[in-house]
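My notes follow in the order I took them.

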Amino acid sequence: MKEDWRISERALQIQKSAIHEMTRLSKEIEDVAFLSWAKPTSDTPEYIKEAAITATKNGLVGGYSENAGLLELRKEIVKKLKRDNNIDADVSQLLVTIGAVEGLSAALMALVNPDDEVILPSPTYSTHIRQVILASGKPVLVPTIEEEGFILDIDAIRDAVTSKTKAIMYCSPSNPTGAVFSEKHLHQLADVALENDLMVITDEAYEYFTYDGHKHFSIASIPEMKRNVVSCFTFTKSYAMTGWRIGYLQTDETLIPQITKAHIPFAICAPVVSQYAALAALQGSQDCIVKFREHYLFARDVMCKRLDTLGSVFEYQKPRGSYLMFPKILLKDGKDSTMFCKKLLKEAKVSTTPGIAFGPTGESHLRLSFCVPEEMIHKAFDRMEMYFMG
Ligand SMILES: Cc1ncc(COP(=O)(O)O)c(C=O)c1O
């Protein structure tokens, strides 16, 4: 079929999302057990909702804020970055964004020239791949080491650097693998970046969700990296604020005006009502984060236990962070993860996400989310046991 002349090459390069396709198919089937949601199922805490209502009633949210975000909010973010990420920031180094995703896109738009290469340890969050393409860059997927928990392969990353490489972009804790990149590896990654004049763009959406003593480490806390990192954060996961669309990025102050050039044409500013909600989130009790982490840890253990009884079907790495895991399908028909997931949905009524959605290295895997109530995990695994074990 002839390409539609109206559509840009940039858009044509972007493949249809397997995640959205699975969501659409899941809606056609009744009583599905969902392990495909990657968003918090809890509602936003009351104190955050109340603050948004009060700001609205007080007439504070009807206009734009500064492009960079409310000063009051940026001051609170400075404190949080020092306390939780060991990053010494200043309000001039912050841009409040429409979730982490808009921050990542704006950063890529400001940093990447056409055909610049961006290295992505893979499997990775598929949105990152699309963001690089939209910025006219070239994604270079470098496999992680699955057998050791999808950890960074520093040598492979070093080998992948060319004269066209502009940046390395990663998320840790990881969607989809549940990996947490260690402080040691991130220091080594920083060395690669510094030796080759590369930018590092981080997505730290799951920063608070790590388990078994694995710690989240922000590469921007390495003082030598000051000019080489853009760190993107969000309220989406930490405070169950998916729909509020609010996040922020931190980088060297000389880059903020450049990234703001990309932020304004897409956004002007982040939603002001959400900025007030985010301010309340940071100023109020942080108990919800503790509660969410406890639940995810519990749910991870339930899921791993249930997976252990399906040892002939799946092999898995225990997630060290996030609320996602990425088992390998051992069965022959798992080689095509899309077909496998569609069949599992149709025949066992269990919704999962095909690994191929996270880059070619994700093939033969599926992504499971344990950000669901315990009953949902049991419902899905009872069905899978029946389906695979008869
Ligand atoms: C790694 C990662 N980054 C970013 C996001 C979305 O973040 P936000 O809602 O802040 O744009 C998600 C959502 O699933 C994610 O998994």
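Is Thr97 buried or exposed? I noted first that the model is predicted. Thr97 is buried, with a relative accessible area of 0%.

**Thr97.** I placed Thr97 in strand β2. I then looked up the polar contacts of the Thr97 side chain. It reaches the backbone oxygen of Gly99 at 2.8 Å. A polar atom of the Thr97 side chain also lies 3.3 Å from the backbone nitrogen of Tyr248. Setting aside neighbours within four places in sequence, I found Thr97 in contact with residues including Glu102, Arg245, Tyr248, His263 and Ala270.

**Helix α10.** I turned to α10, residues 272-283. Its buried residues pack against β2 (94-97), and also against α3 (46-57) and α4 (71-85). Among the buried ones are Val272, Tyr276, Leu279 and Leu282.

**Cysteines.** How many disulfides are there? I got a count of 0 disulfides, with a cut-off of 2.5 Å between cysteine sulfur atoms. For Cys269, the closest cysteine sulfur is in Cys232, 18 Å away, which is too far for a bond. Cys269 is buried, at 8% relative accessible area. Cys341 is in no disulfide either, and the nearest cysteine sulfur, that of Cys371, is 18 Å away. I logged Cys341 as buried too, at 0% relative accessibility.

Notes: Residues numbered from 1 in each chain as written. Predicted model: local features only at pLDDT ≥ 70, side-chain atom pairs only at ≥ 80, totals over all residues. Heavy atoms only, no water. Buried < 20%, exposed > 50% of the residue type's maximum accessible area, 1.4 Å probe, protein only. Helix = DSSP H or I, 4+ residues; strand = E, 2+ residues; numbered from the N terminus. Expected span 1.5 Å × (residues − 1). Contact = heavy atoms within 4.5 Å. Polar contact = N/O pair within 3.5 Å; in protein donor to acceptor, adjacent residues only side chain to side chain.
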